[in-house]
2 protein chains.
Amino acid sequence: MKRIYFDNAATTPLSQEVIEEMNRVMQNYFGNPSSIHHYGREAKVIIENSRKTIAKLLNVSPAEIFFTSGATEANNTAIIESVSDLGVKRIITSPIEHHAVLNTVEHLVRENLVELDLVKLNHRGRIDLTHLEELLQKPEKTLVSLMYANNEIANLLPVKEVSSLCRTYNAFFHSDMVQAMGHYRIDLQKLDVDFATCSAHKFHGPKGTGFLYVNNNNVRIEPFIHGGAQERNMRGGTENIYGIAGMAKAFDLAHKNLSNDKKYILGLKLYMKEQLQNHFKDIEFVGESGDKSLYTILNVLFPKIDSSEMLLFNLDIEGLVVSSGSACTAGIAEVSHVIHSLGINSEKPSIRFSFSKYNTKTEVDESIKILSKFFI
Amino acid sequence: MKRIYFDNAATTPLSQEVIEEMNRVMQNYFGNPSSIHHYGREAKVIIENSRKTIAKLLNVSPAEIFFTSGATEANNTAIIESVSDLGVKRIITSPIEHHAVLNTVEHLVRENLVELDLVKLNHRGRIDLTHLEELLQKPEKTLVSLMYANNEIANLLPVKEVSSLCRTYNAFFHSDMVQAMGHYRIDLQKLDVDFATCSAHKFHGPKGTGFLYVNNNNVRIEPFIHGGAQERNMRGGTENIYGIAGMAKAFDLAHKNLSNDKKYILGLKLYMKEQLQNHFKDIEFVGESGDKSLYTILNVLFPKIDSSEMLLFNLDIEGLVVSSGSACTAGIAEVSHVIHSLGINSEKPSIRFSFSKYNTKTEVDESIKILSKFFI
């Protein structure tokens, strides 16, 4: 059965070039990168070259990039070590962050290690910067954690404005950049954040690998995972060298084709939006639009139907693969915490369409036909 | 240049069958295992089948196996969460554990979260069980962390005896089983430990993947890495599906050929020992021997020579790839904490030879020739 995969915000297919790169490493380099002999040094070179590739594309020093098992571990490291090592007593975040941030913060709150302040959002999920500034005026040492691009409703944060506010009030700033990395050219030095995180599988790289950027000018943290001296004593554990090499390859490819891919994918999103408007009545688009919206995601609120709960299953059966929000939840269909936070009528089904360079306009047309079986 | 790789305790080459399995997954299954649609469910099946394969070989329930980014993360999880969630106030361990254990414990000691007691060893590094029992008589809630097979000197722990002692004194028992998993048939239910850890790259599986076994009859812990609901809410982060599938394949292969491989590798170790004794005077073997020693590792103390510090480099140049101990240290040649703990004269160079099924007797003969250039 031919399927239409519009769930690229959950994960993307590996590109063939990435698979080839991973195979090159799997076949030829097996040493432990911590070993001082020939095979160890060969493996170490692969890791350090990967680090250089990534650092250069983000305009930072390789010494500021730490490889992890993914963005979740990287987010945990930034948030938990800010509290352990940087004296953070209060965290400001928003109700529409990813669970990797929210659940980590809630864990710290339960342990009485931090206070929590949630910044206000408008009805489109836009962060209220005036409220953020008010919150920042409290004297406690603060970490602000706000994501670059929301994984459900595509809102883009004005990252530089937030980092400037954080500098003014002497707060640390962590940004989950999972949906933005590989999709925008990001100059981390210019953005002046303290921590940023990335996951390779969102831009056709491998699952189980990601990194944490730590701004060496402003912060020094201890390891979250204790063990060997890997990652310059910052993260114990033998490195996933095929994953790291695959991530660097995917990151490099994403940047090489970024402008064209961006234009192409934005074209698909806008075409989908137009077709949805042409074919269905009473639909609404969730979140911000235009330049304030990530070009890979379109979140749509459809009218209430009898089979709302079964909608995703039914669409899947018809060959249209979409989601109602983050994949990283219980593996069951439940109302997204993001949609819920925006005060949206949860009886109306929301569908997240998320696109990659491998999608086509024909797929958009096909998906409209499939949706027509459920909505008028 | 043809090289002899006798550093299999640091890491092993991937087997071709494992690379093929990883490619099968990379090429055909890209879904996010948390997604409820077709592609997500396909990916989930791979993970759950991998879990079943591993659990069956260890005679435990699949619900007791949690995938991690490797044994270091798994060791951190067991130790840190024992303190956070199980009321552990004191840890008993030994000075010859891996840094993934020792550095984690030392972190908790520095944070004043636990007391530390080190169990005594004899001159061969054998754990003094009488002393362990004395220590266990203190009333504080205790975690015992002792490894199954030492990664430097090959000593095997009488795991069942230790677990019985722990049960008697109501202590929790964690065992780093990295060097034993895939090399011995391990019945975890029978051994009755609370936590055990494994790393795939020690038995021709991929780097960057491992697991934590948690005894569901006796312990319930919270996640160490917070985020999505993966691993039944125990470990956030999109799963490294190729790594997990590769690990299960490698684990299965290791068990299919275990008896033959064990006999073959032990043969190499004993031949190496014999040849060393025949060719060099004043050499000593470090650690226990016979049934009390892991069959993959031989640790040898050579007589003091002028170029001791440069020895490993010089052997590497000659094509003999060995180590002086754990690879997971600073990436520089330094005296091993294990050798140091045994009170061994650190002026004498110690070399760890570690073997796999891919090594041959001819390589042993060649390595004796190379060693003859440095020792008489």
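## Residue classes and the model

In this report Ala, Val, Leu, Ile, Met, Phe, Trp, Tyr, Cys and Pro count as nonpolar, Asp, Glu, Lys and Arg count as charged, and the others, Gly among them, count as polar. With these classes, the lining of the second largest pocket divides into 15 nonpolar, five polar and 10 charged residues. The structure is a predicted model.

## The second largest pocket

The second largest pocket holds about 470 Å³ of space. Its lining consists of 30 residues, and those nearest its centre are L156(B), Y184(B), G290(B), D291(B) and S293(B). Three elements of chain B give two or more residues to this lining: α7 (188-191), α10 (258-279) and β10 (297-301). Of these, α10(B) gives the most, with five residues.

## The largest pocket

The largest pocket contains about 640 Å³ of space. It is lined by 27 residues, and S84(A), L113(A), I80(B), S84(B) and L113(B) are the closest to its centre.

Both chains take part in this lining. By class, the lining of the largest pocket has 14 nonpolar, seven polar and six charged residues.

## Helices α3 and α4 of chain A

The crossing of α3(A) and α4(A) is right-handed.

On the side of α3(A), the contact is made by T72(A), N75(A), N76(A), I79(A), I80(A) and V83(A), and on the side of α4(A) by A100(A), V101(A), T104(A), V105(A) and L108(A). Seven residues of this contact between α3(A) and α4(A) are nonpolar and four are polar, while none is charged.

## Helices α10 and α13 of chain A

In chain A, helix α10 (residues 258-279) packs with helix α13 (residues 361-372) at an angle of about 30°, and their axes lie 10 Å apart. The helices α10(A) and α13(A) are therefore roughly parallel to each other. They form a right-handed crossing.

From α10(A), the residues L268(A), Y271(A), M272(A), Q275(A), L276(A) and H279(A) meet K361(A), V364(A), D365(A), S367(A), I368(A) and L371(A) from α13(A). The contact of α10(A) with α13(A) comprises seven nonpolar, three polar and two charged residues.

## Helices α5 and α6 of chain B

In chain B, helix α5 (residues 129-136) and helix α6 (residues 159-168) pack at an angle of about 20°, with their axes 10 Å apart. That angle makes α5(B) roughly parallel to α6(B). Here too α5(B) passes α6(B) in a right-handed crossing.

Which residues make the contact of α5(B) and α6(B)? Helix α5(B) provides L129(B), L132(B), E133(B) and L136(B), and helix α6(B) provides E161(B), V162(B), L165(B) and C166(B). By class, the contact of α5(B) with α6(B) has six nonpolar residues, no polar residues and two charged residues.

Note on methods. Residues numbered from 1 in each chain as written. Chains lettered and ligands numbered in written order. Predicted model: local features only at pLDDT ≥ 70, side-chain atom pairs only at ≥ 80, totals over all residues. Heavy atoms only, no water. Axes fitted to C-alpha atoms, helices over the stretch in contact; angles between N-to-C directions. Helix = DSSP H or I, 4+ residues; strand = E, 2+ residues; numbered from the N terminus. Parallel < 35°, antiparallel > 145°, perpendicular 65-115°, else oblique. Left-handed = near helix turned anticlockwise from the far one by under 90°. Contact = heavy atoms within 4.5 Å. 1 Å grid on protein atoms, 1.4 Å probe; cavity = no way out; pocket = protein on both sides within 12 Å on 5 of 7 lines; lining within 4 Å. Points joined across faces, edges and corners; volume = space filled by probe spheres on them.
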